[in-house]
Amino acid sequence: FVAGIKFKAPVVWATWTAATALLLFATATPVATDFAPLLLVLMVGEVSSSAGMLGGLLSTMSAIALLLAASNLHRLDNVALYLGILGMGWLVGYLMRIQQQLMEQQQRAQAALATHAAADERRRIAREVHDVIAHSLSVTLLHLTGARRGLQQDRDIDDAVEALEQAERLGRQ
């Protein structure tokens with residue numbers, strides 16, 4: 001877990017349940033500390049957060065069965081406390097699962113908003129480029145019209161050349 005490796009819920013359930021069963025039943029004396037039930041609580045929380053409600057409930061039921069078996073064999077005292085803590089482990093795992101799902105939804109919504117914002121920005125830039133080009137083309141056409149009229153009506157070559165030079169300069173810009 002520290003390395004960031006994600007384990008499958010059935011693997012976590014099987015290994016942690018087996019480890020707890022070894023601690024509860026394979027020792028010579030009854031378990032005096034709370035380490036074995038703590039493993040079950042952590043296992044239930046982890047499985048509930050990664051496998052959802054059904055997986056969490058199944059892991060909780062198997063943990064309850066293990067705790068009750070250990071209590072019936074007088075290997076574990078104060079089983080009611082452990083059962084309550086086990087329920088809290090399931091609840092915390094389930095709430096973590098809901099939190100993960102909400103975070104994933106939020107990330108998808110933010111990604112959709114970012115895509116939408118980028119598309120809006122592209123449309124805005126396209127409108128501005130269109131406006132600039134349309135304005136430049138209009139002015140260029142005015143210069144060309146002025147040059148044509150200067151040649152047709154006034155026969156003023158200098159004005160026509162100047163208008164054509166301005167249209168050329170504007171086109172290059």
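I count Ala, Val, Leu, Ile, Met, Phe, Trp, Tyr, Cys and Pro as nonpolar, Asp, Glu, Lys and Arg as charged, and the others, Gly among them, as polar. I am working on a predicted model, where local features need pLDDT of at least 70, side-chain atom pairs count only at pLDDT 80 or more, and totals for chains, interfaces and linings use all residues. Numbering runs from 1 along each chain as its sequence is written, and side-chain values use heavy atoms, with hydrogens and water left out.

**Entry 1: the largest pocket**

I looked up the lining of the largest pocket and found three nonpolar, five polar and four charged residues. The lining has 12 residues, and Lys 6, Glu 46, Ser 49, Ser 50 and Gln 100 lie nearest the centre. H2 and helix H3 (79-154) are the elements that give two or more residues to this lining. H3 gives the most, with four residues. Helices here are DSSP runs (H or I, at least four residues), numbered from the N terminus. I noted about 310 Å³ of space in the largest pocket. A pocket is an open set of points on a 1 Å grid over the protein atoms alone, where a 1.4 Å probe fits, with protein on both sides within 12 Å along at least five of seven lines; lining residues have an atom within 4 Å of a point. The volume is the space filled by probe spheres set on the points, which are joined across faces, edges and corners.

**Entry 2: Ser 48**

I went to Ser 48 in helix H2 (residues 35-72). Is Ser 48 buried or exposed? Ser 48 is buried, at a relative accessible area of 0%. Buried means under 20%, exposed over 50%, and partly exposed in between (1.4 Å probe, protein chains only). The Ser 48 side chain reaches the backbone oxygen of Val 44 at 2.8 Å. Leaving aside neighbours within four places in sequence, I found Ser 48 in contact with Gly 56, Ser 59, Trp 90, Gly 93, Tyr 94 and Arg 97. Contact means heavy atoms within 4.5 Å.

**Entry 3: Ala 51**

Ala 51 also lies in helix H2. Ala 51 is partly exposed, with a relative accessible area of 34%. Not counting residues up to four places away in sequence, Ala 51 touches Ala 9 and Arg 97. Ala 51 and Ala 9 are 42 residues apart in sequence, yet 5.9 Å apart in space, C-alpha to C-alpha.

Terms used
A polar contact is a pair of N or O atoms within 3.5 Å; within protein, one must be able to donate a hydrogen and the other to accept it, and residues adjacent in sequence count only if both atoms are side-chain atoms.
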